[in-house]
Amino acid sequence: RLVTPGTLTEDTLLDARRNNWLMAVSRAKSSDEEASYGLAWLDISTGEFRVAECDQARLSAEIARIEPGEILLSDTLYDDPELKSYWRSLSNVTPMPKELFESTTAERRLAAFFNVATSDSFGTFTRLELSAAAAATTYIERTQFGSRPALSPPAREHAGGVMQIDAATRNNLELLRTMGGDPRGSLLSVIDRTVTAAGARLLARRLASPLCEAKEIERRLDGVSYFFERWTLRAEIRKALASAPDLSRSLSRIAVDRGGPRDLAAIGQALSAAFALSTVLKNSDDVPDEIALAAQAMGAPDRGLRDAIAKALAEELPLSKRDGGFVREGYSEDLDAARRLRDEARGVIAGLQQSYADETQVKSLKVKYNNVLGFFVEVPSQHGEKILNSRARERFIHRQSMAGAMRFSTAELGELESKIASAGDRAIQIELGVFAELAARVMQSASLLEMVASALAEIDVAAALAERAAESNWVRPQIDESLSFEIEGGRHPVVEAAILHEGGPFVPNDCLLSPPEGADAGAIWL
């Protein structure tokens, strides 16, 4: 494994509430002055995968919107005279050989990564988008050495679907962090009431990419209004969500063979929460489309997977599967037998220590263990000399003399050491087999689990925004496709929070930015 900023999966190295995007950028020039760029960005820790195309005027704005943890581009593009200073102003750029972005083999490489004959089933992509997507997946293969993450097929983002905000404006708006780089005091920090890491990531993405289509905005607002009007249901939903671990990242670690017993348990717990939420929402009245689809997705996986995980795993779980001890007692007869043999042998050693102490009349005699001698008997030096000069020397084989102690071995200790080692190894191998079986079942349901993770995040965001609206008595805006912009008693969330924190009163403001009646719809009015 080669560790890079864009391919991290460990929770200790990642911000649970932010995506860690790996972006690839490809370019094609139509003339000396005009160029188009293909963008592909994926999060190996959650499986999300997006592609888009833009012109040079929007390139920096798109990169600022996505905020990738690592950017891949060809060394030729990296040294382009016009963009050289821009690339070097970024701290996370990784130049790569231009062959990585070869467009003639891009579609084949992308299809091979997903083990399909063709990428046509993923949608229609431009040549630049395919080039960038193939570069990103090839980079994943080269850094992960055969461990393929559970990535979703690439989804195309349409430029007209979200608002285009240049990097300078985005910085001044302080959407996700202040101009000083602090998340505290940003718009996100003021409105975020999500209770899951996946919900927080989704809210941050939506805030960074505001929608431009009234129909889509209304669809999201329907979900917020639904939970806003039903405070008891909202409280129940948020309580259930709070018990749901980060399904996406646990699934990703299982996929690349970096997962442990706690990741399996997290998947089981997330499924339990999803099934409970699905039942509650399906039994509710007048559920809006977005929430109904999420409820359907949460109930889709086989409940047998959740039950199998709960049946197999113990209550207390180690971090690593190789530590053992994570399979519940009674789950496997072979495992229980190996554990009994291992534990009973240790009990016999304790009995031998007492027996040896009685035989030699050395109360300070101890049976110890190290990796060089294995199990051995240790006594103070003066008692060791007596053992060597007595009949006990036939039983106690001298192994080592030290400054203040002497060490001996016995045939019984050698036999027990062999039994303990073989029983312990067998127990570990059985547990690793149980883990492998459960992990295989998880990966068989990977696509459904990804849908569950997305649904949990959508429900969390809608319920969280409803909670925030209820806190401050916010109202639903009226949205249409016209240029009308009229606010009565407007309250800026960040400004109001800052003033109230200082103990001062906040005065609402009206705002009218609609064009004059009969004005040209294409004009800009200030």
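Biologist: In this predicted model, which residues of H4 meet which residues of H5?

Modeller: On the H4 side they are Ala106, Glu107, Arg109, Leu110 and Phe113, and on the H5 side Leu130, Ser131, Ala133, Ala134, Ala135, Thr137, Thr138, Ile140 and Glu141. By class, the residues of this contact divide into eight nonpolar, three polar and three charged.

Biologist: Why is H4 called oblique to H5?

Modeller: Helix H4, residues 106-113, packs on helix H5, residues 127-144, at an angle of about 45°, with the axes 8 Å apart. Angles under 35 degrees count as roughly parallel and those from 65 to 115 as roughly perpendicular, so H4 is oblique to H5. The crossing in which H4 passes H5 is left-handed.

Biologist: What makes H9 oblique to H18?

Modeller: Helix H9, residues 214-228, and helix H18, residues 446-472, pack at an angle of about 60°, their axes being 8 Å apart. Roughly perpendicular begins at 65 degrees and roughly parallel ends under 35, which means that H9 is oblique to H18. The crossing of these two helices is right-handed.

Biologist: Which residues make the contact of H9 with H18, and how do they divide by class?

Modeller: Gly223, Val224, Phe227 and Phe228 of H9 contribute, together with Ile459, Ala462, Ala463, Leu465, Ala466, Ala469 and Ala470 of H18.

Biologist: Which residues touch the most other members of the largest nonpolar core?

Modeller: Among its 53 residues, they are Phe227, Ile237, Val442 and Ile459. A second, separate core has 26 residues, including Leu110 and Ala133.

Note on methods
Residues numbered from 1 in each chain as written. Predicted model: local features only at pLDDT ≥ 70, side-chain atom pairs only at ≥ 80, totals over all residues. Heavy atoms only, no water. Axes fitted to C-alpha atoms, helices over the stretch in contact; angles between N-to-C directions. Helix = DSSP H or I, 4+ residues; strand = E, 2+ residues; numbered from the N terminus. Parallel < 35°, antiparallel > 145°, perpendicular 65-115°, else oblique. Left-handed = near helix turned anticlockwise from the far one by under 90°. Contact = heavy atoms within 4.5 Å. Nonpolar A, V, L, I, M, F, W, Y, C, P; charged D, E, K, R; others polar. Core = buried A, V, L, I, M, F, W, Y, C linked by side-chain atoms within 4.5 Å. Buried < 20%, exposed > 50% of the residue type's maximum accessible area, 1.4 Å probe, protein only.
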